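Please look at the sequence and the model as they come up.

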Amino acid sequence: MKKWIAGILSALLAVLMAFSFIGCGGGNEAEEELDEEGNTIIDMMVHVAQQSAEGMAYSRITDSFNSSDTAKENKIKIRVDYSPRSTSATGYETELGNMLNNGTLPDIITFDAPNTWNYAENSILADITGLIAEETQSDFFEISKNTYNGKLYGLPIQESSAGIYYNKAIFRSAGLLGEVEKMTVDDAWTMTEFENICNRLKGKCDLPVDLQLYNANDEMATYLLYPFILAGGGTFLSSDGMTATGFFDSAATVAAFDRLRGWVNNGYTSFDASNVGFYTGKIAMYLSSGWSIPEIRNQYTQQLGEDWGILPYPKGDKGIAASATGSWSFGMTTQCSTPEKAAIVLEWLVSTDSSVAITDATGMIPARRSAVEKKGYTPGSPEYVLYDQLNKTGKTRPGTIAYPEFSSRFRAVVNQIREGTQTTASIVSGQASQFQTYLDRYGR
Amino acid sequence: MIVTSIAIIGVFLLLFAAFIVKDIVAAKRSVHKTVHYSVRESIGAYLMLFPALALICLFVLLPIVYSLGYAFTDYYLLSPNDVGFIGFDNFADIIENIRKHGTVYNAIINTLKFVVFVVPLQIGMALGLAMLVNKKARGMGVFKVMYFAPVVISLTVTSYLWVRILGGGDSGLLNSFLVKLGSEPISFLYDPQGAMYWIIFVSAWQGCGYQMLIFLSGLKGIDSTLYEAAELDGAGKGRQFLAVTVPGLRSVLTFVIITVFIGACKVMVQPMLMTGEQTFTITLNYLMYIEGYTYRWVGYSSAIALLMTIAIGAITFLQRYLLKEED
């Protein structure tokens, strides 16, 4: 074949290649789907397996909606797709991205709260400010609402707060129970007091505290550890969420990470702690979220009985208090063809009764006041400590459209502390610089 | 996107058709009529190739073309309708990252380390095992199955299996033995100096069974009289290996070196599952996945993919050239 023929064909291919990215689809708005009885189908995708406690709670709530008068009057049926997320949640989020590209996003999705900015900015989530009743909105804790640029993009299924679980038997045998048993969120311990307790627990058990550092490759590490940095006076980002240098690598942030490093070096905690060490009575304290409450009560009563409690996060030595918050939420997608009907479903999903049903299954805290009142937590109970802490010291994870990158850089700092080959300042500075590159890319 | 994809596939098919026409014309014009040529047979042969070609177009060529295009864009996974051409910005970012010894730099160093160690180790293990099971002895079939077994098990399973063996604290199998012997537990997979070598070892162990079978078929093809002749000439086992086995396996060896090399360059599952995103084990393919899926920067990820493809292609051609010359 003449070379010019091959040349022409290659050029044609190159032109097509250049245009290939321009034609990327997505953003199609789905048409309203009706069942045989003329009911509008509202598709919903959730991040858990149907067989899980949370999944079964969703089943009960959606079934009760489908058989309710509200559903009949408005001619709506909910159809649920259970799409369990992988450990790192990447699978579920990738699926959302693909659905957005293909124009097949369901009407309602569940999403992790820190992704609100990113999903709103990229038109996955629709603005629902005007679709949800004012009284519903005002019943939610302000810190729990999924807002971006002053608009509402989602409402939480539940709230989360983490605390330091402690084994009373170990504390008793170390003569420390009296120092912590009556502690409340208002008179929480300081970091120095926390360190002193850890020091005195050394030798009394396998390890003073399990901070779940072995989860440093997972969002769990960011969720559990960022309050320590904030309490130490550290910062992560500018208020617009677009500048990391000067914040993520500030002297206070470096010092807070360095303090965390010191806890490992002093043997207070370990990257190699057994993840069931606390449950089996070998580790005195365990940093975890509310979901460990049902785990202990359902699976470890033999080992721990009722001889355990939850302590709040320690305050920074300058009195700054911070605790972990943020859980999964319900949101409406931009590809929803019947926003008014989807809003009716959303209201049902986050109703007081639904909040109570879901939090009964997960052990988490409801995100709305009426549901908390209905649950009637007893002061001093583990749930009450978490609820009280959420309201008084809860701080959200940094608001930024680059949240996946933030979380990854945060965990990279933790991982590099484990490597132990660089100073904390050098680690934090390197990660801040890399994070800024990503932020700049968003700003282009 | 569908229209563009169909158009790209159409161009590929046009190219394919052009090659068929070229083949037919060349054959008809040939002055040496030593081969009887039939247009019908030729078209039949190409038609039989068509299903495979269509699949290659759809699943190999099309993604390559798209990836090549995306490398010059700011394509973000969640904003597919807002893709802009940004020239060489992604490549400039990569260079800047390397200059600052960032993640790309770490990924290149780790990938190089993996390739440099795993290729000779895996090929050496495969050849050694092939020579071992090539011996005529009772029960060799059992050994063949044993050595091949890891190949059949998925990489995910073998990776998790080794995490259980090498796990940290006293929860890992190996560490539980060490603790029982009075030693401190060792952090095998989180030791910046040693973790990559464990991944190299696991990868070589998992993969060598497949190359063993290829070498075995090559060894069966070497005439046994050559060994007898060499022995008569006074050659020892080592000399026989160098003078008979290696030349006899040259074509097989070329194939194995190239395929193991390309496979090694693409390592991802093992570091991803055994250590997660660590500066001392992250590889280029794993980084591409993180950039493209976790961070959703498809354009940047495609730029890394393009550079990687060029590098692997260049080294593969160099390998083929060097090995061919020796022939």
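Tyr165 of chain A stands opposite Tyr286 of chain A, which lies in strand S8. This is a predicted model, in which local features need pLDDT of at least 70 and side-chain atom pairs count only at pLDDT 80 or more, while totals for chains, interfaces and linings use all residues. Residues are numbered from 1 along each chain as its sequence is written, and chains are lettered from A and ligands numbered from 1 in the order in which they are written.

Strand S6 (residues 162-167) and strand S8 (residues 283-289) of chain A run antiparallel and are joined by five bridges. Helices (H or I, at least four residues) and strands (E, at least two) are DSSP runs, numbered from the N terminus; two strands pair if DSSP finds at least two bridges between them.

In chain A, the order S7-S8-S6-S9 describes an open sheet of four strands with mixed pairing. Its edges are strand S7 (207-210) and strand S9 (308-311) of chain A, each pairing on one side only.

I turn now to the domains. Chain A is divided into domain 1 (40-159 + 326-392) and domain 2 (162-324 + 402-443), with bounds from an automatic or database domain assignment. Between them, 18 residues of domain 1 of chain A are in contact with 14 residues of domain 2 of chain A; contact requires C-beta atoms, placed from the backbone, to lie within 7 Å. On the side of domain 1 of chain A that touches domain 2 of chain A, helix H17 of chain A gives the most, with seven residues.

Note on methods
Contact = placed C-beta atoms within 7 Å.
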